[in-house]
Amino acid sequence: MMRKTVPLTLGFLSGSIILAKYFLPGSAFLNVLGTDVVNWRTIVAAFALGLGAVNLLGAHLRKIVRREKGWDASVVLLLSLIGFTVIGIVEGTTSPKYQWGFNYLYQPVYSGISSLLAFMITSASYRSFRFKDWQSGILMLSAIVVMLGQVGIGQVHVKSLPPISAWIMAVPNTAGMRGIAIGGALGAIALSLRVLLGLERGYLGGGQ
């Protein structure tokens, strides 16, 4: 019982303090208390990050010892994790060794993974632009107009495409993005209220 009651109580109190701090900005006591709660959250998050690193080490060490599938990748991961951590703590993140590893190991791998997004976007675009109904037809037509309006061949041969492309990007596209952002914000607010009121208990474990 205490394993659920204490986290729910702490979540409710800390969330209420932060909300009160922003809705009652004139209270010096709430400002100080709210700042302390935010600082505590940072400390707890740092400990959670360390706990996650320890859990990662344990999981991949077991994988290496048991010679499970992909254990060689686990060796590379642990060497990189331990090496970057030790060098960063001992010599600092501005040291030549740390910068070499970041520039010649991390950045190329990150760039290679990011380059795969181009193929994923191409595949998703092909599936989305197939003419199945009038909605997909509008999507395909607008995408063609926008793409041709952004490249030289369209700008040279069809003078009216660039203004239409700019209008699509500025009006319908912006409206859609703002709608998605508003929907995401409302969803975040609703989820936060559910956590604050103790209605959402998934973070307690057990799938409640």
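Which residues line the second largest pocket? Select Ser80, Phe84, Phe102, Leu105, Tyr106, Val109 and Tyr110, and you have its lining. Before moving on, a word on what you're looking at: this is a predicted model, where local features need pLDDT of at least 70 and side-chain atom pairs count only at pLDDT 80 or more, while totals for chains, interfaces and linings use all residues. Residues are numbered from 1 along each chain as its sequence is written, and side-chain values use heavy atoms, with hydrogens and water left out.

**Stop one: the second largest pocket**

This pocket has a volume of about 180 Å³. (A pocket is an open set of points on a 1 Å grid over the protein atoms alone, where a 1.4 Å probe fits, with protein on both sides within 12 Å along at least five of seven lines; lining residues have an atom within 4 Å of a point. Grid points are joined across faces, edges and corners, and the volume is the space filled by probe spheres set on them.) Colour helix H3 (71-90) and helix H4 (96-128), the elements that each give two or more residues to this lining. Helices here are DSSP runs of H or I with at least four residues, numbered from the N terminus. H4 gives the most, with five residues. By class, the lining divides into six nonpolar, one polar and no charged. (Ala, Val, Leu, Ile, Met, Phe, Trp, Tyr, Cys and Pro count as nonpolar, Asp, Glu, Lys and Arg as charged, and the others, Gly among them, as polar.)

**Stop two: the largest pocket**

Helix H1 (2-23), helix H2 (28-65) and helix H8 (172-196) each give two or more residues to the lining. The largest share, 10 residues, comes from H1. This lining has 16 nonpolar, four polar and one charged residues.

**Stop three: a nonpolar patch**

Turn to the surface and pick Phe12, Leu13, Ile182, Leu186, Ile189, Leu193, Leu197 and Leu199. Together they form a nonpolar patch with about 800 Å² of accessible area. (Patch residues have over 30% relative accessible area and no salt bridge, and nonpolar side chains, meaning Val, Leu, Ile, Met, Phe, Trp and Tyr, are joined within 5 Å; areas come from the Shrake-Rupley method with a 1.4 Å probe, and only the protein chains shown count as cover.) H8 provides the largest share, four residues.

Zoom in on Leu186, which lies in helix H8. Is it buried or exposed? Leu186 counts as exposed because its relative accessibility is 54%. (Buried is under 20%, exposed over 50%, and partly exposed in between, with a 1.4 Å probe and protein chains only.)

**Stop four: salt bridges**

How many salt bridges does the structure hold? There are two, each a side-chain nitrogen of Lys or Arg within 4 Å of a carboxyl oxygen of Asp or Glu. Show Glu68 and Arg66: their closest N and O atoms are 3.7 Å apart. Glu68 is partly exposed at 33%, while Arg66 is exposed at 57%. Next, show Lys97 and Glu91, which meet at 3.5 Å, N to O. Lys97 is exposed at 54%, and Glu91 is partly exposed at 40%.

**Last stop: a distance**

Terms used: Patches are made of residues with over 30% relative accessible area and no salt bridge: like charges are joined within 9 Å, nonpolar side chains (Val, Leu, Ile, Met, Phe, Trp, Tyr) within 5 Å.
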